[in-house]
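Student: I have a new structure to read. Can we go through it in questions and answers?

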Amino acid sequence: MIRLIDGTNSDMFKEELDAMFRNRALTFHDRLGWDVVVRDGYERDGFDDAHPLYLVSVDPETNEYRGSLRLLPTIGPNMLRDVFPFLLPNGEIVESATIWESSRICANSMLGDGRNPKGANVVFGELLAGIGEVAILAGLTQIVSVFDARIFKLLRAAGCNPTVIGKPQRIGETMSYAGLFETGEGPLRRIRDTFGIAETVIGPRLRTPAFA
Amino acid sequence: MITNGSIQLTEKILGVNDVDLVHVLKQIALANDLKHIAHLRFVPKKSNELSLLTSTVTYPIEWQHRYFERQYVLVDPVVSHGLRATLPFDWSDFATDDLQVHEFLKDASRFGLGSNGLSIPIRARDGSVSIVSFTSDHSHVDWELFKRENMRELQILSVLLDAAAKMPQALRIGRTLLSQREEQCLIWAARGKTYEDIAEILEISYGSVKRYLDTARHKLNCINLTHAVAVAIATGVIPATSVR
C-alpha cells in the first residue's frame, strides 16, 4: 500500500518518513556508495526541503516500511536541472507544469528474506503503479528521472521502457541516465499487468486536520 | 476546454495586452462553467514564514472586504493547507473539527463562492508560493468528472496565471529562447505533423517529441500546442517562412 506524504500530512507519518530517510542512507550511502550526506542516520538533501511528494510503500497489515521515492515538480528545484544538468545537451532544460521528477527510489533490503517471499520486486511494482496513479491525479503528462544502470535493468524487466534523453554518463561507479516515462491509463495498465496489481495501490487518504 | 479565455493570460505575459487580470479570470470562469478563480501569492519573509503578497480573485467584493477585515488569511484552510501541499487538493478534504475553520467555512458559504473547490499549489524557483483555486456549483458527480478531465489543463492554467500575476513586477521578458530541438519540433508541428511524424522525421523518440513540444509550450506561456505554434510565429520565435 502506498502512502502519499507531503507537507500537509507529514506529521501523521513520522515513523514512515523516519524509516524512509534511514533506508535512503543504507541504500545510497552504505550500499551503493553514492556521494550523499548522511547525518544522524538520515540521508537527506536540499530537495527534501523543496516540498516534495513522497510515495512510501508500507505493509498493509503491519504498516511496516517497505520502500519509497520522491516526486518534485519540474517548475521548481529538481535534480536533473540543479545537480545533473550535464546529462542534457546544450543547456536543455526539462521544465513544465505537467512533468514531475522522480528520485531516490529504494526498497528495504530486508524484504525477500522469507517473511515476504515476493520481495523487493513487489514493492518496486507498487511504487511504479503509485507514480502512475499520482500522474493521473495531478494531470501529469510525463515523469522525468535520473537513474543508474541498476534501476534501468529493473525498469526494463518491469516492461517500463523509458525514453533515454541526452547522453548517459559515468557518475562514480555507474552509468547514469536521464529518462522520460509516459503517463496515463495505458502505461498504468501495463505496469499493473506486469506486477499483477488489480486495483489502486494508494491507501485511504487520511483527512488532515486543517489548522489555523 | 479550459483553453477558453486563457489566450489573454499569454498576451498579458507577453506584454501585448494589458487587460485587467480579474476581468480575464472572470471570462475564463464563465467560459468553463466555473464559479470563481483565485490566485494568492506568498513570499518568504526573513523569519522563514510566508506572507501574502498579492491576491487576484473573482470573489464578490463584500467577501474580499470581510476576508481582509477579519484577517481570514490566518484561518483559511485553503491557505494553511496550500502552503504545505504538493498535490492539488479538493476543499471537501478539509476536516471541519476545528471551530475557527468551521466558522470560517460557514461564513464563506453565505457569499456564494461555489459549492466545490479545488486548489493547486505552484512553487516557483524564486521561492514564492502561489495557491490557485477554482470553484464551481457542479453536482458532486459532475465535479469529479470535471476535475478528472481537466486536471492537466488546470495545472497549466495555474502556472500561466501565476506568471501573468507576476507581470507588473517582472521586467518585460526577453525573446523566448527555444532549444534547437524544441524549435525543430515546433516548426514541424506548425506544418501540421503529428508527434509520430515528427519523431520519424527527426529520428528521435515519440517521448522526446512530446517533451520538446511541452517544454516549448511552457516557455511560450501557452495553454496548449496549437496556441504555442501561433504565439511562436506571431512573436518571431520561429520564422514565419519556416512553416510555408
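This is a predicted model: local features need pLDDT of at least 70, side-chain atom pairs count only at pLDDT 80 or more; totals for chains, interfaces and linings use all residues.

Student: Which residue of β5(A) is the bridge partner of S57(A)?

Tutor: The strands β4(A) and β5(A) pair in the antiparallel sense, over six bridges. Strand β5 of chain A covers residues 65–73. Within β5(A), the partner of S57(A) is G67(A).

Student: What do β4(A) and β5(A) form, and which residue in the turn has a positive phi?

Tutor: Six residues lie between the two strands, and together β4(A) and β5(A) form a hairpin. One turn residue has a positive phi of about 70°. That residue is N63(A).

Student: Which residue of β4(A) is the bridge partner of I5(A)?

Tutor: Strand β1 of chain A, residues 2–5, also pairs with β4(A). The sense is antiparallel, over four bridges. In β4(A), I5(A) has as its bridge partner Y54(A).

Student: Why is strand β4 of chain A largely enclosed by the rest of the structure?

Tutor: Take the two faces in turn. On one side L53(A), L55(A) and S57(A) are buried; on the other, Y54(A), V56(A) and V58(A) are buried. The strand, residues 53–58, is largely enclosed because the count of buried residues is six of six.

Student: Now the two chains. How many residues does the contact take from chain B and from chain A?

Tutor: Contact here means heavy atoms within 4.5 Å. On that basis, chain B gives 41 residues and chain A gives 41.

Student: What area do chain B and chain A bury between them?

Tutor: The size of an interface is often given as the accessible area lost when the parts come together. Carbon and sulfur atoms hold 55% of the area buried here. R84(B), R125(B) and R211(B) supply 23% of what chain B buries against chain A, more than any other three residues. The area buried between the chains is about 3,500 Å².

Student: Which residue of chain A meets R125(B) in a salt bridge?

Tutor: The count between chain B and chain A is three salt bridges. In one of them the side chain of R125(B) takes part, at 2.6 Å, N to O. The residue of chain A is D82(A).

Student: Which element gives the largest share of the side of chain B that touches chain A?

Tutor: Several elements of chain B each supply at least two residues, including α6 (140–166), α7 (180–190) and α9 (206–219). By class, this side has 17 nonpolar, twelve polar and twelve charged residues. The largest share, ten residues, comes from α9(B).

Terms used
Residues are numbered from 1 along each chain as its sequence is written. Chains are lettered from A and ligands numbered from 1 in the order in which they are written. Side-chain values use heavy atoms; hydrogens and water are left out. Buried means under 20% relative accessible area, exposed over 50%, partly exposed in between (1.4 Å probe, protein chains only). Two strands pair if DSSP finds at least two bridges between them. Buried area is the accessible area (1.4 Å probe) that two parts lose on being put together, summed over both. A salt bridge is a side-chain nitrogen of Lys or Arg within 4 Å of a carboxyl oxygen of Asp or Glu. Ala, Val, Leu, Ile, Met, Phe, Trp, Tyr, Cys and Pro count as nonpolar, Asp, Glu, Lys and Arg as charged, and the others, Gly among them, as polar.
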